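Student: I have a structure open and would like to go through it bit by bit. Can we start with a term I will need?

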Amino acid sequence: MIHIAICDDERSMADQIRKMVSDFFRRKNSEIDIMQFSSGEELLTYDRQIDILFLDIQMKDIDGMETARKLRGRKFRGFLIFITVLKEMVFQSFEVQAYDYLVKPVDEKAFEKTMERLFVSMQNASEASLLIQKGYERRVVSLEDIVFCEIIDRKIYLNLASSEVVDYYDRIENLENKLDSRFFRCHRSYLINLRYLKSYKNGVAYMEGDKQIPVSRLRSREFSNVILQYMKNM
């Protein structure tokens, strides 16, 4: 079951999106559940799972952008698609990890193009993953594949088990909120995946692939406790 929410204060627009969504997933033979909301306030009171959210930016009182910020602050990890009359708003959408945006009136071909990409992304993201946005490029990275994350001059570098490095602009605090308990922030500039930890000695975490990551003195005691807890849960 795919849980979908549509939030738009224009009933006709919400109904149009609902029909296009229903038609698309019926062709994919996918079972869906659709909820409609007429305001950001109403959406924010909803506490059940949302996998895909279509969110109007221009709404009364709390607008779509602020609604999205609040949702991401609550660790909402679903796919977010903005609906807008202003193309310029797309540049602000990156900060809330919007997957894409649709311009009103919504063109069916543009909608289909977005949904086809989204459908593939959802299939690739069947396991825990991270949606990376670099300019207009979007990519899904499995958390299992990340050995460690490093931040240098406002750019995050994801070092993968394949030896590939994926870079994009974000704050390490934002990244930390999107990761699960297998990751630990051992230093102000590093987050490591405990699955790839080989040993820890004298303030250095030795990772698979011969990578050595510094552990700050302030985090060393917590790090030792986290390692023990992680080993117990394996």
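Tutor: A charge sits over a ring if NZ of Lys or CZ of Arg is within 6 Å of the ring centre and within 35 degrees of the ring normal.

Student: Which residue lies over the face of Y196 here?

Tutor: R195 does, at 4.8 Å from the ring centre. Before going on, note that this is a predicted model, where local features need pLDDT of at least 70, side-chain atom pairs count only at pLDDT 80 or more, and totals for chains, interfaces and linings use all residues. Residues are numbered from 1 along each chain as its sequence is written, and side-chain values use heavy atoms, with hydrogens and water left out.

Student: Ok. How many aromatic pairs are there in the whole structure?

Tutor: The search finds nine. Rings of Phe, Tyr and Trp (its six-membered ring) pair if their centres lie within 6.5 Å; planes under 30 degrees apart are stacked, over 60 edge-to-face, and the rest tilted. One of the pairs is F79 with Y99, which is edge-to-face because the planes are at 85°, with the ring centres 5.5 Å apart.

Student: Where in the chain are F79 and Y99?

Tutor: They sit in distant parts, 20 residues apart: F79 in strand β4 (residues 79-84) and Y99 in strand β5 (residues 98-103). Strands (E, at least two residues) and helices (H or I, at least four) are DSSP runs, numbered from the N terminus.

Student: Are F79 and Y99 buried or exposed?

Tutor: Both are buried. Buried means under 20% relative accessible area, exposed over 50%, and partly exposed in between (1.4 Å probe, protein chains only).

Student: What about F148 and Y190, how are those rings set?

Tutor: That pair is tilted, with 6.3 Å centre to centre and 45° between the planes. F148 is in strand β8 (residues 146-152) and Y190 in strand β12 (residues 190-193), 42 residues apart. F148 is buried at a relative accessible area of 5%, and Y190 is buried at 14%.

Student: New topic, helix α3. Which of its residues are buried?

Tutor: In α3 (residues 64-73), the buried ones are G64, M65, T67, A68, L71 and R72. They lie on the same side of α3, because they cover an arc of only 160° around the axis. The arc is that of the directions from the helix axis to the C-beta atoms.

Student: Why would residues a few places apart point the same way?

Tutor: An α-helix has 3.6 residues a turn, so residues three or four places apart do that.

Student: What happens at the start of α3?

Tutor: A side-chain oxygen of D63 comes to within 3.2 Å of the backbone nitrogen of M65. After α3 comes K75, with a positive phi near 70°.

Student: Last one: where is R48, and is R48 buried or exposed?

Tutor: R48 is in the loop between α2 (40-44) and β3 (52-56). R48 is exposed, with a relative accessible area of 60%. The C-alpha atoms of R48 and H3 are separated by 9.1 Å, although the two residues are 45 apart along the chain.

Definitions and conventions
Polar contact = N/O pair within 3.5 Å; in protein donor to acceptor, adjacent residues only side chain to side chain.
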